[in-house]
Amino acid sequence: MTRRPAATPRARSAAVSVLVALVALVPALSGCTSTTEPPVGTTPSSGLPAATAAPDSALAPYYTQKLDWKKCGNLECADLRVPLDHAAPDPAKDLTIKVARVKARDQSKRLGSLLVNPGGPGASGVDYVRNGAETIGGPEVRRYYDLVGFDPRGVGGSDPIDCLSDKALDGFLGADPTPDNRAEEQALLVQAKAMAAGCQADNPDLVKHLSTADAARDMDILRAAVGDPQLNYLGKSYGTFLGSTYAGLFPKRVGRMVLDGVVPPDLTSAELNEGQARGFQIATQAYVEDCVKQGNCPLGNTPEAALKGLDDFFTQVDRQPLPSGDSSAPLLTEGWARLGVAVALYDQGAWSILTDALREAKAGNGQSLMQLADAYAERRPGGGYTGNLMESINAVNCLDRPDSPDLSAYEKHAKDFSAEAPTWGANLAWGALPCGVWPVKATNPPHRISAPGSNPIVVVGTTRDPATIYEWSKRLRDELDNAVLLSFDGDGHTAYGRSNTCVDSAIDAYYVQGRVPKDGLRC
């Protein structure tokens with residue numbers, strides 16, 4: 001989701017170093033996990049063959065490949081070969097998926113691999129494991145599982161899609177995300193068309209095969225390559241969409257799967273945007289209440305006044321951008337300001353940073369808020385991007401959730417969404433515009449997934465999650481044939497490994513002992 005707040009945060013300069021890399025990389029406050037050791041040689045799917053067969057004979061060479069692990073810093077890294085088109089494999093067009101792992105600390109009692117995806121779409125699983133290997137899961141999970149991260153196709157190091165120059169991407173992200181008139185709508189449309197055309201021009205073959213279903217099929221090849229008969233998986237945010245898509249395609253290959261911060265596969269583009277608008281509104285309300293409670297809130301002396309103060313601030317920045325302190329993007333526009341605010345709402349630990357940044361901005365200095373926006377966009381201060389998150393997020397979403405080319409549809413959504421989410425409604429409504437002009441027809445449109453025959457899937461929802469609202473977790477639990485819901489009553493995006501020992505203990509026990517949490521458990 002390009003212009004809408006759905007990507008996971010990245011750490012910025014020392015001034016805001018407590019804002020962590022990806023949302024799922026927030027330092028784990030590991031819960032009290034069980035010390036019961038599994039019997040030697042057991043696996044989450046004991047009794048099954050060492051690897052399941054390829055779904056088609058033409059895919060057999062991919063399923064039988066062996067990974068050549070090599071040392072790469074604090075990790076082991078390997079390349080996985082996958083077909084561009086799983087329906088018509090052509091070795092001349094194969095893609096290379098970058099994979100990284102940290103081996104289980106106790107290899108003699110290893111339970112297999114735990115594949116992880118931190119979200120996006122477009123976040124790097126390799127970076128996730130590199131930066132968070134000590135905090136993904138509890139100590140017992142890291143003892144018994146190899147942690148395996150990968151960059152999905154088109155992302156990071158895996159044949160990345162590159163749609164815009166750095167300068168053009170600055171313009172895309174800084175553009176007015178809440179157009180007030182027809183001229184501003186046309187200007188936003190120009191930016192959306194530039195993104196769409198740039199992705200197609202960069203790699204016209206790849207851009208047709210970047211759907212979540214494509215990535216899920218790649219993940220099954222990776223499962224076979226690491227030698228696991230079933231997929232043990234942790235997906236956060238968009239990673240839940242990837243995991244549930246996998247479960248729909250390969251239900252009997254699901255091992256121990258946790259989906260935290262859910263994006264249901266049957267959400268339409270409008271449902272996704274409306275839900276996120278409400279989610280960010282709820283998170284914003286929680287933030288302004290805390291801002292007032294802490295005292296000297298720069299937005300106002302009451303929660304109502306502070307919320308209006310934030311809306312007024314966005315309006316003022318739209319009319320008169322602030323100096324950003326960045327020579328390559330010298331003005332903090334409304335587009336950049338909204339990204340800066342949104343990224344801090346992902347984790348309540350960053351609220352004090354946001355308050356300081358808003359205080360500076362209200363005094364005429366947009367530098368700290370721009371640094372927060374850089375964190376969201378994986379952008380280096382001074383220009384340039386460390387990854388392709390802000391491009392691949394469009395390339396994937398637009399194959400999963402098509403939208404309308406009619407500007408009046410976005411006008412209506414902006415009005416409707418704003419009725420319940422006045423701060424974020426228009427922003428989220430217009431954020432889907434690139435998918436309305438995308439040059440490739442959607443290949444994985446919204447659909448309900450039940451995954452009949454799967455092992456129990458653990459679905460995790462946070463009650464005041466800004467990016468993936470709690471009701472979506474309930475929705476997916478109800479749609480899956482075999483799932484339980486674990487709820488965290490709290491703030492921030494996702495729950496496991498970042499906020500609560502009750503959540504952590506339940507999930508650690510599920511991964512290590514196979515003990516499925518009670519459906520409806522609340523933490």
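Trainee: Is Ala 451 buried or exposed, and with what relative accessible area?

Mentor: In this predicted model, Ala 451 lies in the loop between helix 16 (433-436) and strand 10 (457-464). Buried means under 20% relative accessible area. Ala 451 is therefore classed as buried, with a relative accessible area of 2%.

Trainee: What is the phi of Ala 451?

Mentor: Most residues other than glycine have a negative phi. Ala 451 is a residue other than glycine, yet its phi is positive, near 50°.

Trainee: Where is Glu 378 found, and what is its relative accessibility?

Mentor: Glu 378 is not a glycine, although its phi is positive, at about 55°. The residue is found in the loop between helix 12 (367-377) and helix 13 (389-400). Glu 378 counts as buried because its relative accessibility is 5%.

Trainee: How many residues of helix 6 are buried?

Mentor: Helix 6 covers residues 212-225 and reaches 20 Å from its first C-alpha to its last, close to the 20 Å expected at 1.5 Å a residue. The helix is mostly covered, and its buried residues number 13 of 14.

Trainee: Which residue with a positive phi follows helix 6?

Mentor: Helix 6 has 14 residues, 212-225. The residue in question has a phi near 85°, and it is Gly 227.

Definitions and conventions:
Residues numbered from 1 in each chain as written. Predicted model: local features only at pLDDT ≥ 70, side-chain atom pairs only at ≥ 80, totals over all residues. Heavy atoms only, no water. Helix = DSSP H or I, 4+ residues; strand = E, 2+ residues; numbered from the N terminus. Expected span 1.5 Å × (residues − 1). Buried < 20%, exposed > 50% of the residue type's maximum accessible area, 1.4 Å probe, protein only.
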